[in-house]
Amino acid sequence: MSLLLVLGLPACGQVVAPAGLARRDNASRVRSTPPVRPADPALMVLRLTLAQPGWRGRRPLVAPAPRAIRCPQVKCVALTFDDGPFDHTGPVLDMLAAYNARATFFVVGQMVTEQTGPLLRRMVSEGHELGNHSWDHPALPGLSADGVHAQLGRTQEAVRAVTGVTMRLFRPPYGATDDKVAGEARREGLAQILWDVDTMDWRDRNTPLVARRAAGARAGSVVLMHDIHKSTADAMPALLRDLHAKGYTFVTVSELYGTRPLLPGERYAGEASTGRR
Ligand code: NI
């Protein structure tokens, strides 16, 4: 898997540079990057199937039963990880497991490959939630409605082919959205999930700083991080320890909202500031 591929993808919190500058910058990276082979979902399922001992044909993954957590009554925090899966996703999952923590992963469709498919399957089997983060991370308001539709639909198909999961959540790259993007999200059955705590981990590759910012979450917060950075994976032990010590329960975005429906096309950014916690 190419790190350069990931470096070529701006992170979600990143301010989009003026178009000309961004193009030049990306072009210089792309020239030295091996060509990206689009994932073929059908082929991936076949390969994953053959790779798993004891597999007796196509079947959906078994996810743990939903948990009945009363987030308005207990202190819940939703950790979210964007732009992967990638090499650092496994260590992030290991740390979450150590704390019996569930989180939400907003997947870039282009990152779904033969190598990362098992990570997505692990996420599902360990109770994490998957969300759509577009196919290749463009600023969606700059695309046509058909372009947005393709970004969302192609990612839905890739993730469904590998995990059997139809995602219900969507995080717009850079948090950039508008009425057109909302309309396409609604069409695809996706609620738009933003955040209220930004660790700025894509910019500050500083493990203690990222851990401290994440630990600043409040009850009902949605925390933005990226599992493509080693510094973020390295921050997990401290931030989980600190938030656990403060009495937080680590939940998925859907668990955070409990029985309140997350409506397709609508925007949500956690419950920390709504007064409903
Ligand atoms: Ni992103």
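Predicted model: local features only at pLDDT ≥ 70, side-chain atom pairs only at ≥ 80, totals over all residues.
Strand 2 (residues 104-107) and strand 3 (129-132) run parallel and are joined by four bridges. Residues are numbered from 1 along each chain as its sequence is written, and side-chain values use heavy atoms, with hydrogens and water left out.

Helices (H or I, at least four residues) and strands (E, at least two) are DSSP runs, numbered from the N terminus, and two strands pair if DSSP finds at least two bridges between them. Counted like this, the protein chain has 10 helices and nine strands. Of its 277 residues, 51% are buried, where buried means under 20% relative accessible area, exposed over 50%, and partly exposed in between (1.4 Å probe, protein chains only). With contact taken as heavy atoms within 4.5 Å, residues 24 or more positions apart account for 79% of the chain's contacts with a separation of 6 or more.

Let us stay with strand 3 for a moment. Gly131 in this strand stands opposite Phe106. Glu129 and Gly131 point one way from strand 3, Leu130 and Asn132 point the other way, and all are buried. Strand 3 also runs parallel to strand 4 (residues 169-170), with two bridges joining them; here Asn132 has Phe170 as its bridge partner. Right-handed here means that, with the strands pointing away from the viewer, the path from the first strand over the helix to the second runs clockwise.

Now move to the other neighbour of strand 2. Strand 1 (residues 76-82) pairs with strand 2 in the parallel sense over three bridges, and Phe81 has Phe105 as its bridge partner there. Strand 1 also pairs in the parallel sense with strand 7 (residues 221-226), over six bridges, and Phe81 stands opposite Met225 in that strand. A further parallel pairing, over two bridges, links strand 1 to strand 8 (residues 249-250), where Phe250 is the bridge partner of Val77. Why is strand 1 described as largely enclosed by the rest of the structure? Seven of its seven residues are buried, so the rest of the structure largely encloses it. Cys76, Ala78, Thr80 and Asp82 point one way, and Val77, Leu79 and Phe81 the other.

Helix 4 (residues 89-98) sits between strand 1 and strand 2 in a right-handed β-α-β unit. Its buried residues include Thr89, Gly90, Val92, Leu93 and Leu96. Seen down the helix axis, the buried residues fall within an arc of 160 degrees, so they line one face of helix 4; the arc is that of the directions from the helix axis to the C-beta atoms. Among the elements covering them are strand 1, strand 2, helix 5 (117-125) and helix 9. Just after helix 4, Asn100 takes a positive phi of about 50 degrees.

These pieces meet in the largest nonpolar core, which has 45 residues; those with the most contacts inside it are Leu79, Phe81, Leu96, Phe105, Leu239 and Leu243. A nonpolar core is a set of buried Ala, Val, Leu, Ile, Met, Phe, Trp, Tyr and Cys residues joined through side-chain atoms within 4.5 Å. Helix 9 (residues 230-245) gives the largest share of this core, six residues. Apart from this core lies another, of 17 residues, among them Cys71, Ala191, Leu224 and Tyr268.

Cys71 also leads us to the disulfide (a pair of cysteine sulfur atoms within 2.5 Å). It joins Cys71 to Cys76, S to S 2.2 Å, and both cysteines are buried. The torsion about the S-S bond is about -85 degrees, so this disulfide is left-handed.

Finally, visit the loop between strand 3 and helix 6 (145-163), where Pro141 is found. At 28% relative accessibility, Pro141 counts as partly exposed. Its contacts, leaving out residues up to four places away in sequence, are Ala176, Thr177, Asp178, Lys180 and Val181. Pro141 and Val181 are 40 residues apart in sequence and 6.4 Å apart in space, C-alpha to C-alpha.
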